[in-house]
Structures are given as structure tokens and as C-alpha cells.
Amino acid sequence: MNAAAESSKRAFQSWRKTSIITRQQTMFNLQHLIKRDLKKLAENITIEQGKTLPDAEGDVSRGLQVVEHACSVTTLQMGETMPNISKDMDTYSIRLPLGVTAGICPFNFPAMVPLWMFPLALVTGNTMILKPSEQDPGAAMKLVELAKEAGIPDGCVNVIHGQHEAVNFICDHPDIRAISFVGGDQAGRHIYERGSKNGKRVQSNMGAKNHGVVLPDASKEATLNQLTAAAFGAAGQRCMALTTAVFVGESKKWLPDLVEKVKKLKVDAGWKPNTDIGPLISNQSKQRVLRLIESAKKEGAKVLLDGSNVKVPGFENGNFVGPTIIADAQPNMTCYKEEIFGPVLVALSVDTLDEAIDLINKNPYGNGTALFTTNGVAARRFTDLIDVGQVGINVPIPVPLPMFSFTGSRGSFLGDANFYGKAGVNFYTQLKTVTQLWRSEDASPEAKPQMAFPQLK
């Protein structure tokens, strides 16, 4: 790990001086290579992580969009200037790289999240130490191989592996200036606190409890399809999964139709055709999901569809949980308070939109939320009053494209600058302001020192 840090520190001295056009060209090359190997990357993700092949291709494609955004660095990294701010005086600011940065990645998006990090860090002139998840590091390794093929010099992006020791190394090493993290609450808070204590910039995307609010005027069939995909896609293992449905008024009568739709989802190995839900990442994850389903039963909720005992022929010992729908949940129940991170939808019922808004705003997380409606007035009220970073109107997973930024908030994010978009560029750069004075009278032999504090005119 020390060798990786020293390598990145050495590489920064030359990489920072590389022209922005050259850095941009490496991103154009990387974009082409990822497109070329997209299916290979997706196959690796399915083998290691378990998600279905179409979902794995989506994982790579969403990361690729950040690489494409990084190709705009020639405008993204522009500074500002103001000539003649005073007599014969100009002021300008420039955005400069920080130095060695680090990225700590989760298991659930083994291609997309590394691509949130190292392309923007590198294209703005930094170097990066990348720590992929120890559970599925293959996609990250393939991506950095493509970075080398794209023309990014040795040392500019290095990979280290491990768990707690590797994380603490990143938090403590004096040459690492900034840390990007995506993952769970406990690790996220630890990294933010330890890294910040050591004077580093930290952006930490953490847990979530994303609510989908269903109004009775919503398009029923479209809404149920959206809920199904957003709750159970990727086996629910994503921080933007729509894990909690809030049915307002008469819309709660749609629950039986939702159950019938979800029953048709196919649970199987991710590489098999027509699979809808693959396995969870580990047996530990499976046991946590089963515990939370059991807690719902004990605490008085109704499990309308129970996937606890699903059996997949040929994979009897696999980490599978079938789609599960828990109804009549209450805010004090464990299944509501904890992030489940599995193919489980928790349903609550309220009488009004304002009650739904109040419920969501009282939840500690602020990653994403969605409203399903055909009423523009209701949509405007929802977006105005909801205290969540990313809001979708008839969009169940409102992850923004990379010209914007991933804007999770409250208990879902620690830090000052969000991932990718302009905020991402700001995170990986620091401002330097230059004020220069070329006084015309200084050219005269009669010029004298000005001893008073300078007055700008």
C-alpha cells in the first residue's frame, strides 16, 4: 500500500503538468475501450457479483456516461477572470489538481462507482489509489487495465485490495489529499470522521431508505411496473432502490395487483436468460434480509409475498431471496427503520400527500424519493416540501445524468461536494487566485514607494 501511494505521488509530479488536451484525449480513448469491452465487463460483474447480465450492462453504461462527461474537462476546469478590477490590476482564478486522491468502492456497482471516481480525478490532473470491494474487484481491475491501454501513465491510477486495514491506510496516509467513498453507514461515517480529522477532503455516500409515494390519480399500470422494477431490480442491492412504497388514500387497493405482478418475477442465476432477480452478494447478506423479513412478521406487519424460502434448482445453496412484499408496516418497525438491501418492498398507507411528505422528512435518510401522479399541482408541492436530495416525478430511480451531480443528502451523505458533475470537478480541484498589478507609472524614473495600505480604485 505504501508502494502504491509513493507511485501515485511520483506520477502526480509529471501528470499534473500534462496538458489538459492530452488528459482529455485519454478519456476519449478510455470511452472507446469501455464501449469495446462492455459485454466482457458485464460478464465479469455477473460472475463475481451475481446481478443479471442486462443489469450488469447497465452498471457499465452508467459509469461510461461519467467518462463521457469527463471528456468535457476543457470547459469543466475553466477558471474565472476579471480584468481591470482596479487601475492596472487584473484578478483571475484557476482550478488546480489536489494531488494523490483515493476511491473506496462498494460491491453493488463494481464498474459504475469506480467510474464515478478515477476518470474525473485523473482528467483534472490528480492521481488516484482505488480500493474496490474485496467481494468483486474484477471489474475495477479490468477498468484500470483499459486506462493503461488508453494512454494513462503508470502510477496515475493504482489499485490496492483489502478491508479495514486498507481503509484506515487511506484515511491516515499523509500524501492522500481526498477520499471518495460509496457504501454503508458505519464505514462511511468512520471514513468521513477519520479522513477529515487527518485534514483530507471526504465525500461519503452512505445508506438510504427511498420512498415511492403513490397518489390515487397515478397511472396504475405504469406505476406498478415502475415500483416492481425499482424495488426488485438488482435484487434490491442498490442505494437508490425504491424499497418503501407509501400508498396514499385509495391507491392502497392496488396492493393485490402489485403482488400478482411481482409473483411473476423469475429468480435464478444472473447469467441465465430471462432472469429477473439474481442472488445476493453473500450468505451474510441473505441472513440479514431474512432476519428483517422475520422481524416484520413478529412486529405485526403482513407479509403478502414471502420469498424467504425460495429454492433455485441447481443452486440450492445459493444466496437467493425471492421477491417479498411487506404491507401494513409502521414507522417504528425494524423493517422500516433499517436499510434492507435485498428484494423486499415495505408498504405503508397514509391518508394524504402531506402525511406522506411528513413521513419521508422524518426519516433520517435523504438519498432519493419518487412521486407517482398525474397532478402537476401535487408534483410541485411534493418537490417543494420534500427534504431529499434526489426527487423523481414518475421516475422511480432519479439518479441524474453526469452533467448534473449525484445529490443525496442528510443521513445519506457526508461532505461538501457531491459526486460527478460540476460538484465532482470542484471536489477534485482547488482554486488558486492570482492578482497582478502592472502599474503604468512604475515605468517612470520618478516613481516612489507607496507606503500607505493600498486603496483599490
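Reader: Which strand is Arg410 found in?
Author: This is a predicted model, in which local features need pLDDT of at least 70, side-chain atom pairs count only at pLDDT 80 or more, and totals for chains, interfaces and linings use all residues. Residues are numbered from 1 along each chain as its sequence is written, and side-chain values use heavy atoms, without hydrogens or water. Helices (H or I, at least four residues) and strands (E, at least two) are DSSP runs numbered from the N terminus. The run at residues 409-410 holds Arg410, and this is strand 16.

Reader: Is Arg410 buried, partly exposed or exposed?
Author: Buried is under 20% relative accessible area, exposed is over 50%, and partly exposed is in between (1.4 Å probe, protein chains only). Arg410 has a relative accessibility of 26%, so the class is partly exposed.

Reader: What is the phi of Arg410, and what is that of Asp328?
Author: Arg410 is not a glycine, but its phi is positive, at about 50°. Asp328 is not a glycine either, and its phi is also positive, at about 55°.

Reader: Where is Asp328 found, and what is its relative accessible area?
Author: Asp328 is in the loop that runs from strand 11 (324-327) to helix 13 (334-337). The residue counts as partly exposed because its relative accessible area is 37%.

Reader: How far apart in space are Thr352 and Pro174?
Author: Thr352 is in the loop between strand 12 (344-350) and helix 14 (353-362). With a relative accessible area of 34%, Thr352 is partly exposed. In sequence, Thr352 and Pro174 are 178 residues apart. In space, C-alpha to C-alpha, the separation is 53 Å.

Reader: What is the relative orientation of helix 14 and helix 15?
Author: The axes of helix 14 and helix 15 (residues 376-385) are 11 Å apart, and the packing angle is about 25°. Axes are lines fitted to C-alpha atoms, for helices over the stretch in contact, and angles run from 0 to 180 degrees between N-to-C directions. Angles under 35 degrees are roughly parallel, over 145 roughly antiparallel, 65 to 115 roughly perpendicular, and the rest oblique. Helix 14 and helix 15 are therefore roughly parallel.

Reader: How do the residues of the contact of helix 14 with helix 15 divide?
Author: Helix 14 contributes Leu353, Asp354, Ile357, Ile360 and Asn361, while helix 15 contributes Ala378, Arg381, Phe382 and Leu385 (contact means heavy atoms within 4.5 Å). Ala, Val, Leu, Ile, Met, Phe, Trp, Tyr, Cys and Pro count as nonpolar, Asp, Glu, Lys and Arg as charged, and the others, Gly among them, as polar. The division is six nonpolar, one polar and two charged.

Reader: What classes of residue make the contact of helix 6 with helix 7?
Author: The axes of helix 6 (residues 112-123) and helix 7 (residues 138-149) come within 10 Å and cross at roughly 30°. This makes helix 6 roughly parallel to helix 7. Pro114, Leu115 and Phe118 of helix 6 meet Ala140, Leu143 and Ala147 of helix 7. The contact has no polar and no charged residues, and six nonpolar.

Reader: Which residues does Asn158 contact beyond its sequence neighbours?
Author: Asn158 is in strand 5 (residues 157-159). Its relative accessibility is 16%, so Asn158 counts as buried. Leaving aside neighbours within four places in sequence, its contacts are Ala4, Ser7, Ser8, Met128, Ile129 and Leu130.

Reader: Which residues does Ser93 touch?
Author: Ser93 lies in strand 2 (residues 89-97). Ser93 is buried, at 13% relative accessible area. Not counting residues up to four places away in sequence, Ser93 touches Gly79, Glu80, Leu431, Lys432 and Thr433.
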